[in-house]
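Subject: Handover of a structure for your study

Dear colleague,

Please find below the structure that I am passing on to you. I would ask you to keep it open while you read the notes that follow.

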Amino acid sequence: MLRTYGRFALRRTGQAIVVVLLAYLFTFVVISILPGDPVTSTLRNPDNGFTEDDIARIVAYYGLDQPWWVQLGSSFGRFVVGDLGVSLRSNLPVSGLVLDALGSTLSLAAAALLVAVVLAVAIAYGAQFLPPRWGQGVLRSLPSLFLSVPNFVIGLLLIHVFAFGLGLFSMIDTETPWGTFFAAVALGIPVSAQLAEVLIASLDHESRQEYVAVARSRGLRSGALFLRHLVKPSALPTVTVLALIVGELLGGALITEAIFGRVGIGTLVESAVASQDLPVLQAVVSLSAIVFVVVNLLADLAYPLLDPRVAVGRSGRPVSVVSRDEPTTPLREEVGIV
């Protein structure tokens with residue numbers, strides 16, 4: 001089992017690496033065909049203070065005087081070895097600029113993910129075990145409400161109430177714990193809606209199974225029933241959705257940073273777009289692709305571990321381990337679940 005799982009993990013890791021490289025190539029081609037000349041708009045901009053020697057060195061480094069396919073080859077070679085290049089605007093290493101901005105964005109995205117998971121679990125638990133008036137009515141309607149309200153509207157409401165009204169944080173310095181918390185709430189509420197919908201549907205399905213009826217007949221309390229019997233079999237589709245909404249978290253983080261005045265990847269992208277700083281744009285897009293692919297890879301690798309009904313076959317592909325007489329429905333391209 002460990003041997004076949006290892007082959008499956010290596011295969012999925014190889015596919016993830018190919019996806020990242022293809023995303024880099026596609027992004028480079030798209031950015032390269034955009035109108036505008038970075039040499040004229042950025043390097044020769046007197047506000048940036050580049051000398052003719054600086055311009056000549058940067059042009060030679062990136063091959064900006066060469067056809068785009070030559071630039072692609074040299075850029076791709078640098079990317080493979082981890083060299084993200086030098087900013088056309090500040091003449092600083094792109095890796096340093098990205099790392100400086102990445103901490104704030106990652107802390108916001110991680111806090112928002114935690115808020116989304118806590119909200120989704122609380123709503124799903126209440127929908128199952130609270131009285132019908134609340135569980136079937138109010139709580140089951142919350143995901144639709146959360147999903148219909150954009151995160152920038154939630155952010156503006158939170159700023160109005162908790163920053164200007166109650167003074168819990170200042171818009172001058174939003175990197176404080178309270179500022180990060182409310183920014184995470186604004187980002188996490190819409191994301192929690194998708195998780196809650198899937199988790200409620202999964203819990204509804206599992207709660208109708210015979211083993212749950214047996215557990216209830218033995219007097220098992222709601223909390224123990226939820227944690228010991230319902231969470232694990234309901235986790236697989238939830239993990240799938242969680243992996244797919246990482247892109248939404250990253251995109252929403254950029255908007256939330258602008259609303260709350262936080263300095264992060266969003267600020268870096270905004271300045272790079274305004275100045276046509278192509279190496280910075282390329283690095284940010286590639287970093288987003290890497291994060292998205294890695295999270296989905298971890299989700300794929302977790303499927304056989306979360307559900308004992310999913311196994312990895314000899315070919316290194318996940319297969320169902322149920323009887324042939326029992327129908328299976330694939331949750332993802334390579335995973336079968338009863």
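Predicted model: local features only at pLDDT ≥ 70, side-chain atom pairs only at ≥ 80, totals over all residues.

In which helix is the place of Phe152? Phe152 is found in helix 7, where helices (H or I, at least four residues) and strands (E, at least two) are DSSP runs numbered from the N terminus.

Residues are numbered from 1 along each chain as its sequence is written, and side-chain values use heavy atoms, with hydrogens and water left out.

The chain as a whole

The chain has 13 helices and four strands. Of its 338 residues, 42% are buried; buried means under 20% relative accessible area, exposed over 50%, and partly exposed in between (1.4 Å probe, protein chains only). The accessible surface of the chain comes to about 17900 Å², and 67% of this belongs to carbon and sulfur atoms. Such areas come from the Shrake-Rupley method with a 1.4 Å probe, and for residues only the protein chains shown count as cover. Among contacts with a separation of 6 or more, 71% are between residues 24 or more positions apart, a contact being heavy atoms within 4.5 Å.

The nonpolar patch

Phe152 counts as partly exposed because its relative accessibility is 40%. Together with Val153, Leu156, Leu157 and Ile255, Phe152 makes a nonpolar surface patch of about 440 Å². Helix 7 (residues 151–165) gives the largest share of the patch, four residues.

The aromatic rings

The structure holds seven aromatic pairs. Rings of Phe, Tyr and Trp (its six-membered ring) pair if their centres lie within 6.5 Å; planes under 30 degrees apart count as stacked, over 60 as edge-to-face and the rest as tilted. Trp178 and Phe181 have ring centres 5.9 Å apart and planes at 80°, so this pair is edge-to-face. About one helical turn separates Trp178 and Phe181, because they are three residues apart in helix 8 (residues 177–207). Phe181 also forms an edge-to-face pair with Phe182, at 5.2 Å centre to centre and 70° between the planes. Phe181 is partly exposed at 40% relative accessible area, whereas Phe182 is buried at 5% relative accessibility. Trp178, Phe181 and Phe182 belong to one aromatic cluster with Phe162, Phe169 and Phe260.

Ser104

Ser104 is located in helix 5 (residues 94–129) and counts as buried because its relative accessibility is 11%. The side chains of Ser104 and Glu175 are joined by a polar contact of 3.4 Å. A polar contact is a pair of N or O atoms within 3.5 Å; within protein, one must be able to donate a hydrogen and the other to accept it, and residues adjacent in sequence count only if both atoms are side-chain atoms. At 3.2 Å, the side chain of Ser104 also reaches the backbone oxygen of Val263.

Yours sincerely,
A colleague

How values were computed:
Patch = residues over 30% accessible without salt bridge, like charges linked within 9 Å, V, L, I, M, F, W, Y side chains within 5 Å. Salt bridge = Lys/Arg side-chain N within 4 Å of Asp/Glu carboxyl O.
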